[in-house]
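Subject: Structure handover

Hello,

Please find the structure below, followed by notes on what was found in it. The notes start from one residue and widen to the chain.

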Amino acid sequence: LLRLVGPATPVSVLDVEQQCVGPRDWTMQRWVDYVNSFENYTDNDDEFPPLLHLARIDVSETGLGRFIKPPTFVTELDWVAKAWPS
């Protein structure tokens, strides 16, 4: 996933405990590092990192974007494409 999306792709994270926007300026690489950091913690650790949720990642302009297609009903209802076909 990191290779297809790219390490510098921006991502939005949410702080689960506080139910608010998490740290800003996160990239896919930073998210991967965050997830992998959990391998170093145990239930006995006093300082567990904050629990974050990956809220949004725009992959449309990445290598992964070419593999993702909208559902058929979406393209059938797309007024823009019907009014201004390419």
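**Val5 and its surroundings**

Setting aside neighbours within four places in sequence, Val5 is in contact with Met28, Ile57, Val59, Thr62 and Leu64, where contact means heavy atoms within 4.5 Å. This is a predicted model, in which local features need pLDDT of at least 70 and side-chain atom pairs count only at pLDDT 80 or more, while totals for chains, interfaces and linings use all residues. Residues are numbered from 1 along each chain as its sequence is written, and side-chain values use heavy atoms, with hydrogens and water left out.

Val5 sits in helix α1. Helices (H or I, at least four residues) and strands (E, at least two) are DSSP runs, numbered from the N terminus. With a relative accessible area of 6%, Val5 is buried; buried means under 20% relative accessible area, exposed over 50%, and partly exposed in between (1.4 Å probe, protein chains only). Val5 and Asp58 are 53 residues apart in sequence, yet 9.0 Å apart in space, C-alpha to C-alpha.

Two of the partners of Val5 have contacts of their own to report. Val59 touches Val5, Leu64, Gly65 and Ile68, again not counting residues up to four places away in sequence. Thr62, under the same exclusion of residues up to four places away, touches Leu4, Val5 and Thr9. Thr62 is found in the loop between β4 and α3 and counts as buried at 17% relative accessibility. Between Thr62 and Arg3 there are 59 residues in sequence and 9.7 Å in space, C-alpha to C-alpha.

**The core**

Which residues form the largest nonpolar core? It has 10 residues: Val5, Val11, Val13, Trp26, Met28, Trp31, Tyr34, Leu52, Val59 and Leu64. A nonpolar core is here a set of buried Ala, Val, Leu, Ile, Met, Phe, Trp, Tyr and Cys residues joined through side-chain atoms within 4.5 Å. The elements that give two or more residues to this core are β1 and α2 (28-37), and α2 gives the most, with 3 residues.

The buried residues of α2 are Met28, Trp31, Tyr34 and Ser37. They pack against α1 (2-5), β1, β3 and β4. An α-helix has 3.6 residues a turn, so residues three or four places apart point the same way.

Tyr34 also meets Pro50: leaving aside neighbours within four places in sequence, Pro50 is in contact with Tyr34 and Phe38. Pro50 lies in the loop between α2 and β4 and is partly exposed, with a relative accessible area of 48%. Pro50 and Pro7 are 43 residues apart in sequence and 22 Å apart in space, C-alpha to C-alpha.

Leu4, Phe67 and Ile68 make a nonpolar surface patch of about 290 Å². Patches are made of residues with over 30% relative accessible area and no salt bridge; like charges are joined within 9 Å, and nonpolar side chains (Val, Leu, Ile, Met, Phe, Trp, Tyr) within 5 Å. A salt bridge is a side-chain nitrogen of Lys or Arg within 4 Å of a carboxyl oxygen of Asp or Glu. Accessible areas come from the Shrake-Rupley method with a 1.4 Å probe, and for residues only the protein chains shown count as cover. Phe67 is in the loop between β4 (52-57) and α3 (72-77), and is exposed, with a relative accessible area of 54%.

Most residues other than glycine have a negative phi. Gln19 is not a glycine, but has a positive phi of about 55°. Gln19 lies in the loop between β1 (10-15) and β2 (20-21) and is exposed at 67% relative accessibility. Asp25 also has a positive phi, near 60°. The place of Asp25 is the loop between β2 and β3 (26-27), and its relative accessible area of 74% makes Asp25 exposed.

**The chain as a whole**

The chain has 4 helices and 4 strands, in the order α-β-β-β-α-β-α-α along the sequence. Its radius of gyration is 18 Å, well over the 12 Å that the globule rule gives for 86 residues, so the chain is more spread out than a compact globule. The radius is taken over C-alpha atoms, and the globule rule is 2.2 Å times the number of residues to the power 0.38. Along its principal axes the C-alpha trace spans about 60 × 30 × 20 Å.

Of the 86 residues, 21% count as buried. The chain exposes about 7,100 Å², of which carbon and sulfur atoms supply 56%.

Regards
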